[in-house]
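This briefing covers one protein model.

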Amino acid sequence: MSIDLSAAITTFVTESKELLQDMEDGLLELESDLSKEQKSEVINSIFRAIHTIKGSAGIFGFKNVVDLTHIIETTLDEIRLGEIILDNKLITALLSSRDVVETLVILSAQETEVDPATLHKAQDLQNTFKEYLAPEPPSHHPDALQNRENLAQSAGNTRWHILFTPNENVYRDGLDPFAFIFFLSKEVTELQVDTYTGSLESTDAFDPESNYLAFHLCFDSDKSESEIADIFDFIKTEAVLGIFPPNAAFEQFKTACHEFSNINYLIEKIKKCHSIETHVLDAIAQNKATISEAIPTSVEQDKSKQPPPKLHQSKTLRVEALKLDRLIDQVGEMVITGARTNLLAHETGNETLIEAMALLERLVENIRDSSLKLRMVQIGETFNKFKRVVRDISQELGKEVELTIEGADTELDKTFVEKVSDPLMHIIRNAIDHGIESPQERIISGKPTTGNLKLRAYHDSGSIVIEISDDGKGLNKTKILQRAIEKGLVAQEHSLPEKEINLLIFAPGFSTADSVTNISGRGVGMDVVKRNIESLRGSVEVESEPDKGSTILIRLPLTLSIIDGFMFSVHNDNYVIPLDTVVECLELHEVVAEQDIQDKSYINLRTEVLPFIRLRSLFGVEERIAHTRESLVIVQFGTLRAGLVVDSLKGEFQTVVKPLGRLFEGLKCISGATILGSGDVAIILDVSALIKSAIAVYETLEFKQ
Amino acid sequence: MEMIETDTTHGNNNRYLFVCIGHDNFGIPIDAVKEVIEYTDTTMVPMCSTVIKGVINVRGSVIPVLDIQNRLSLKKNLNYNRYSCIVLYEFIDDVIGETVTLGMLVNSVVSIEYITHEHLESSPSFGSNIPRQYVWKMAKIHNRLTTLLDMSRVLDINEINALLKTSQDKFFVNYCKS
């Protein structure tokens with residue numbers, strides 16, 4: 001029989017990745033200061049993670065994974081019992097084992113041969129763990145000894161016990177408890193049955209159809225718990241059933257005993273079986289929390305024996321990204337069609353219809369907003385990944401770096417999260433390698449030995465800002481400029497403003513590092529940063545102060561697919577710009593007379609200089625319209641403010657961004673297209689790129705002159 | 001104008017759609033032709049080269065339309081009229097591995113022809129009115145020679161993209177100089 005396991009395997013891989021991520025987070029958490037209880041909770045959760053993976057891998061028969069996870073599990077078990085002391089070296093080993101497990105899981109799932117390097121690594125790790133696990137006389141650790149003792153403090157029963165209380169209505173439902181006990185008697189040896197008839201005595205009106213009996217069954221068997229439970233499978237919904245294999249947990253046993261209607265009677269009967277020590281039973285009878293109050297630690301032991309309390313009740317639903325994309329596409333279509341229907345409704349002039357349409361439009365807007373929110377994820381998960389990166393790189397470079405994370409709950413589009421992760425990695429590597437100094441240097445410059453690297457995310461005027469700042473030595477501007485001139489990126493005599501010098505670090509192939517290390521220095525990474533961010537319609541800024549550190553600001557738009565737009569027209573065609581870039585709109589002739597802007601492109605707006613671009617001329621439209629009919633849209637992007645002179649204003653517009661495809665890729669000023677209610681297409685302009693390109697061209701022209 | 005639905009189920013790779021571009025007829029392999037729609041007003045994409053006529057809305061997708069007369073660098077451009085059509089051509093972009101649809105604005109659609117191996121002639125070594133890289137073969141049908149276009153070259157996305165970038169820069173320079 002062959003079952004298609006591929007779907008299950010995919011789930012296994014995703015789940016394992018998540019669990020391994022939890023494990024990594026946990027391990028890193030262990031390095032910080034935690035109380036003993038917190039530590040043991042974290043170790044427990046790591047243990048559970050690795051245990052789950054081992055279990056699932058076992059189902060699919062991924063032997064490599066099982067082998068490695070088994071030894072990790074054993075090690076972790078010893079750690080939580082206090083047999084092994086968790087030191088830094090062990091955490092490192094566990095971290096790398098996490099990576100190897102991930103590789104193994106992925107390779108096994110793809111049914112690919114595991115490469116010898118990974119196998120070797122896995123073997124190495126197994127050996128490392130074995131060293132830790134090497135038998136050590138437990139008496140060396142007083143802690144461990146105690147734990148061993150605690151372990152023995154289970155209920156201490158040597159035989160099986162079943163507490164079997166059928167419901168009152170069991171006969172009416174056509175079930176006979178005796179049949180089950182009879183069957184059990186054939187399956188096990190030395191069955192002793194005690195029937196409790198207490199409830200029969202206490203009742204006044206006897207109903208012959210009701211059940212008043214409860215049973216205590218005691219027997220020997222080498223069957224597993226589930227096999228025994230199977231015997232009672234049919235009646236389990238009609239009875240209270242407590243099954244206790246030999247050496248069951250005390251706590252569990254106690255609770256079940258108390259569920260039994262008459263505890264004292266039960267205790268008497270169990271005593272007669274001589275399988276459980278008397279003091280244990282007394283403890284149960286007196287409803288004590290532990291077997292012996294004299295050993296307080298056993299309380300903890302009992303707790304840890306219980307199924308661990310679930311920390312995060314799962315409130316999330318896993319949905320395939322593709323399905324979500326399709327939903328958002330459809331919502332986009334709905335927005336467009338809604339706009340069209342609205343237009344038609346207005347044409348008819350039917351008031352009720354128009355009102356109904358307005359209501360519908362509002363609903364559509366709500367649906368749009370909520371469906372877009374589905375794609376929003378918190379950036380915290382991405383940020384947390386860098387804890388490991390920071391730890392590894394700083395250790396490799398012999399630097400002390402602490403990563404602070406702020407605004408982890410800032411939400412942004414899933415697509416961004418994926419694409420922003422790579423750039424962040426490069427920036428962080430660079431910050432640690434070039435920015436933060438070695439502890440010795442830091443002492444000399446009077447800074448604390450541990451460098452601080454800060455990741456921060458927040459919302460700012462319609463965009464999301466991700467800030468990466470370090471308190472290192474800052475950018476060396478002279479060195480950057482010198483390198484740039486050497487590489488021919490900048491002409492020797494040309495002086496650059498500070499901001500642009502900083503941006504040179506993003507130029508392809510640019511590096512100030514004297515030697516190429518395996519962390520940075522090739523000049524590739526920062527180029528990737530800039531390109532990735534720009535492909536998301538974002539921008540990068542650098543601020544740096546010598547000896548104080550540098551900050552890199554990544555600015556990203558909130559979402560990719562549907563935006564609030566502002567529409568205007570230029571020469572019969574409609575254009576849309578993101579609404580949140582628009583500061584204000586004015587009639588051009590109200591702010592400036594025609595003769596004042598004959599030969600220049602700036603106005604004096606409330607004593608502020610405001611340069612503008614006349615889109616008609618930029619788009620190469622020859623004919624001009626009367627000055628009085630022109631409008632001015634003032635836009636702002638970051639600190640950049642400028643005006644756009646357009647023909648007429650059309651107002652706010654729900655814009656579904658349609659990609660223009662690869663044909664128009666890399667065209668700086670055009671970020672997409674949208675479909676209007678009339679079915680016409682409008683081009684979405686990228687305002688910041690438009691203005692920046694204009695500035696750049698002006699500058700090169702000036703430079704040539 | 002009626003829509004001419006293409007029949008791709010038979011997979012006749014020897015069928016060609018003959019269209020009139022400028023004064024001449026050209027053949028386009030019909031397998032990749034998704035549909036032919038009437039010429040509607042296009043939305044101009046600002047700061048683009050004349051190769052791009054504009055973009056249109058086809059059932060909710062925004063599709064770029066190429067002015068094929070310009071693309072083939074024909075000297076005398078005819079105006080488009082009510083016989084003009086937009087041929088939607090579908091192909092797989094190797095770079096991203098996805099299907100791309102581009103519209104080609106042609107002066108008119110002429111016919112669908114079966115072309116077998118014996119109809120084919122090699123392209124003239126010189127003297128053609130369009131750049132040689134766009135010509136795949138010549139077809140001798142009804143005693144007339146018709147150029148069969150090499151569509152992978154005519155609709156070379158990378159090349160057109162580069163062209164657009166240069167022309168965009170030109171727009172900025174012109175604006176800033178004026």
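What covers the buried residues of helix 1 of chain A? The cover includes helix 2, helix 4 (88-109) and helix 16 (380-397) of chain A. The model is predicted: local features need pLDDT of at least 70, side-chain atom pairs count only at pLDDT 80 or more, and totals for chains, interfaces and linings use all residues. Residues are numbered from 1 along each chain as its sequence is written, and chains are lettered from A and ligands numbered from 1 in the order in which they are written.

**Overall make-up**
- Chain A has 24 helices and 21 strands; these are DSSP runs numbered from the N terminus, helices being H or I of at least four residues and strands E of at least two.
- Of the 705 residues in chain A, 32% are buried (20 or more other C-beta atoms within 10 Å of the residue's own; exposed means 12 or fewer, partly exposed in between, with C-beta atoms placed from the backbone).
- Among contacts in chain A between residues at least 6 apart in sequence, 68% join residues at least 24 apart; a contact means C-beta atoms, placed from the backbone, within 7 Å.

**Helix 1**
- Helix 1 (residues 6-31) of chain A has 26 residues and spans 38 Å from first to last C-alpha, close to the expected 38 Å (1.5 Å times one less than the number of residues).
- Its buried residues are Phe12(A), Ser16(A), Leu19(A), Met23(A), Glu24(A), Gly26(A) and Leu27(A).

**Annotated site**
- An unreviewed UniProt entry lists His51(A) for "modified residue: Phosphohistidine"; such annotations may be inferred rather than shown by experiment.
- His51(A) lies in helix 2 (residues 36-60) of chain A.
- With 17 other C-beta atoms within 10 Å, His51(A) is partly exposed.

**Five-stranded sheet**
- An open sheet in chain A has five strands in the order 14-17-18-16-15, with mixed pairing; two strands pair if DSSP finds at least two bridges between them.
- Strand 14 (582-587) and strand 15 of chain A are at the edges with a single partner strand each, so one side of each has no neighbour in the sheet.
- Strand 14 runs antiparallel to strand 17 (residues 631-637) of chain A, joined by five bridges, and Val582(A) has Val635(A) as its bridge partner.
- Strand 15 (residues 602-605) and strand 16 (residues 608-614) of chain A are antiparallel and joined by four bridges, with Leu605(A) opposite Glu608(A).
- Strands 15 and 16 of chain A form a hairpin with two residues between them, and Arg606(A) in the turn has a positive phi of about 45 degrees.

Conventions: Two residues are in contact if their C-beta atoms, placed from the backbone, lie within 7 Å.
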